[in-house]
Every structure is written in C-alpha cells, then in structure tokens.
Amino acid sequence: MIIHMEKNSTPEQEKRVLERIKKAGFDYEIIHGSLGIDVIGVLGDLSRVEESYFGELDGVDKVIRISKPYKLVSREYSSRSKVVDAGGVAIGGDQLCFLAGPCSLESESQIFSIAQYLNDMGITIMRGGAYKPRTSPYSFQGMGLEGLKLLAKVREQYGLKIITEATGLHHHIDENGEREKHNVLENVIEYADIIQIGARNMKSYGFLQELAILTKENKKPVLLKRGDSSTLKDFLLAAEYIVSNGNPNVILCLRGIRTFEEESFQRFTPDIGAITVLKNESNLPVIFDPSHSTGYRANVKGVSLAAVAAGADGLLIETHNDPANALCDGEQSVTALQLKEIREKSEKIRAVL
Ligand code: PEP
Ligand code: MN
C-alpha cells in the first residue's frame, strides 16, 4: 500500500501517519521526499487493512493498494527507477554499466591479466565465479575461498568492484570431493561488492530469505539471475523475496531461457523482449547477460547491442585472456578486443537512446 501525502502536508501530519503505520504493526519506507514526505510505502501483509485506515488522517491525499503480486519491486510502488550503489558505482542510472570477467576464477595470473585489461578499458566491475554451479559434479567446481581472496587482491590493486556468485548456504565441495569448511554465502557476502545469485538458485526461496536477512544491515547489492525456465512473474516474486526480507538493493539479470532451440545454435534463447517488460513492471535495474543467453562468442556482440537498444541498464559479459583454454564457458567468452568493441558500440547506442 502506498500513501501519497498532500503537497502542503505538515511534518506533524506526516508524523501521525508514520505513528499509525507503526501502531498497526507495519514497517514503512519513505519512497519520495525532497522537502517533506511525498510518498510512503507501507510494508507487510495489508490484505485486511482498509485504505481508509490511513486515508482518513489529515494531510493524506490518497492511499493506493498495489494490485500486483510483487509489491515492493513494482512500478506501482515506485515510479522512480532504482539506482543501486555498488561501492560507489551506480547501476541503473544514466550510465550504462559493464560487469565483465571470466566465468570462473582459475589462477592468480588469469585473474590479474583479465583485471588488467578491464581496468585499461575503464570497466569498473569485475565478475568471476569462485563457486561454480556446474551441471556435472565432475566439472571444475571453482577455486572456493582462495578465489575470493584473489578477487580481494584485485580490488585492492585496481579499485575494481567485485561481483561473484553465492551458490548456497552449504560448504564448498570441489570436483575431487574435497570439502572446504566455510559457508559459501557468508564468504561471498564478506568479499563481494555485488552478490550474484545464479539462475539455478532463483527459486531457492529459503536461500533468498537467508541472504536478505544476512545482508539486511550492510544492504550489499544482489544481482539476481532469471531461472532458465522461470516466468517473469516468478522472477519478480523471487526479487520480492529479497526486498521484502530487508535488502532493497536488487538488480535483475536476464540470461536467456530454455526453449525448443537447439543448443548447437544457441545455448539458451536470449529473452530481449523481457527487458522492456521488466523496465515497465518493475522499479529495479535490469542487466542483460549475452554470454549465457547465446553460448557462443560470435553471437555475443549482436545480442549485447540488441539488449542495450531495448533499454538494458548494463551488460554482464564473460571474457577470458585465453578463451580456448578456459576451464568453464570458454566458447562464449569474448576476448579483450571483442569486449572493447562491444563496449564502444553499446555506448553509441545508449547515446542515441
Ligand atoms: C554465471 O554467471 O557464471 C552463471 C553460472 O550464470 P547462470 O546462473 O545464469 O547460469
Ligand atoms: Mn559462465
């Protein structure tokens, strides 16, 4: 439910509205408020509360019940697009945002050589998985905590912001069955500037709740990927799980969906049309991943540019210093040169928009 205050409402009247919200056992969020308070969001299960309960108070202009099942992430709740601050880098604002790096962290030299060219290009957010959600248990499962420590070194040396995936609440078990006695989620929260939640975990609701509760204080941004077989409604409700449990800093990321398409042409089907849907339905930033959605390097540029043209707030791109020998997703990883071209052309399209 959102409460619009009258233009000339007084601080006393605003205070009484906030008191009534609290008294009824709800939380609130000031959505807009430049001089005084303009719009207040009431948080909680409001199904049994009449609009008049707040509407009868002096200074209240109107009370609107949000009709969508996803409430806090909806455009109805806030017509302003959210800009998420990732350690000083804005995601969802005027600037197009680039998050690039290898699928998987492999070694210190690999990580540093990629960080070097990202930094030279002026890309400010580096991606790289320390924990990899591989389809096969025999595939490389990631470097674990050692990888996170290397990312921290990269941040220190280059000032790059770090995005890396949390795969679960469990301990890390590598491809040889070796078990690291650290909690994956807690490690990622500690080391990352942006916590990535992968497509496979989009529907792990208990995990999303735990993540939100553990980041309630520091409000570290969470990049949530769309499940490959999830509807957009389910995707927005998954985002709502995180926001309603205390972390409002969610970034939506489209990464292609499963269709009848043959994998030899496209690993997934790029869901470009979903960009405009999400921008209209939601107040959250929308990032597009052209790497997983295509699966092949040759298709990454075209789909990147299409995503920017459709209004994406940024791109999450896999890049590797030696794609042919990458331990994970080499076929879809672009070279430094290709990344540079994608970036330059994307900026031109953005400028036209
Ligand atoms: C990734 O970004 O490396 C990844 C595993 O992506 P997704 O969750 O979209 O498969
Ligand atoms: Mn990958």
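Biologist: Which domains does the domain assignment of the chain give?

Modeller: There's domain 1 (2-64) and domain 2 (84-352), with bounds from an automatic or database domain assignment. This is a predicted model, where local features need pLDDT of at least 70, side-chain atom pairs count only at pLDDT 80 or more, and totals for chains, interfaces and linings use all residues. Residues are numbered from 1 along each chain as its sequence is written, chains are lettered from A and ligands numbered from 1 in the order in which they are written, and side-chain values use heavy atoms, leaving out hydrogens and water.

Biologist: How far apart are the C-alpha centres of domain 1 and domain 2?

Modeller: They lie 37 Å apart.

Biologist: OK, how many helices and strands does the chain have?

Modeller: Eleven helices and 16 strands, counted as DSSP runs numbered from the N terminus (helices: H or I, at least four residues; strands: E, at least two).

Biologist: And what does the C-alpha trace span along its principal axes?

Modeller: About 65 × 50 × 45 Å.

Biologist: New topic: which residues of helix α10 are buried?

Modeller: In α10 (residues 297-309), they're V300, V303, S304, L305, A307 and V308. Buried means under 20% relative accessible area, exposed over 50%, and partly exposed in between (1.4 Å probe, protein chains only).

Biologist: What covers those buried residues of α10?

Modeller: The cover includes α8 (273-281), β15 (286-288), α9 (290-294), β16 (314-318) and α11 (336-352), going by contacts, meaning heavy atoms within 4.5 Å.

Biologist: Which residue just after α10 takes a positive phi?

Modeller: That's G311, with a phi of about 105°.
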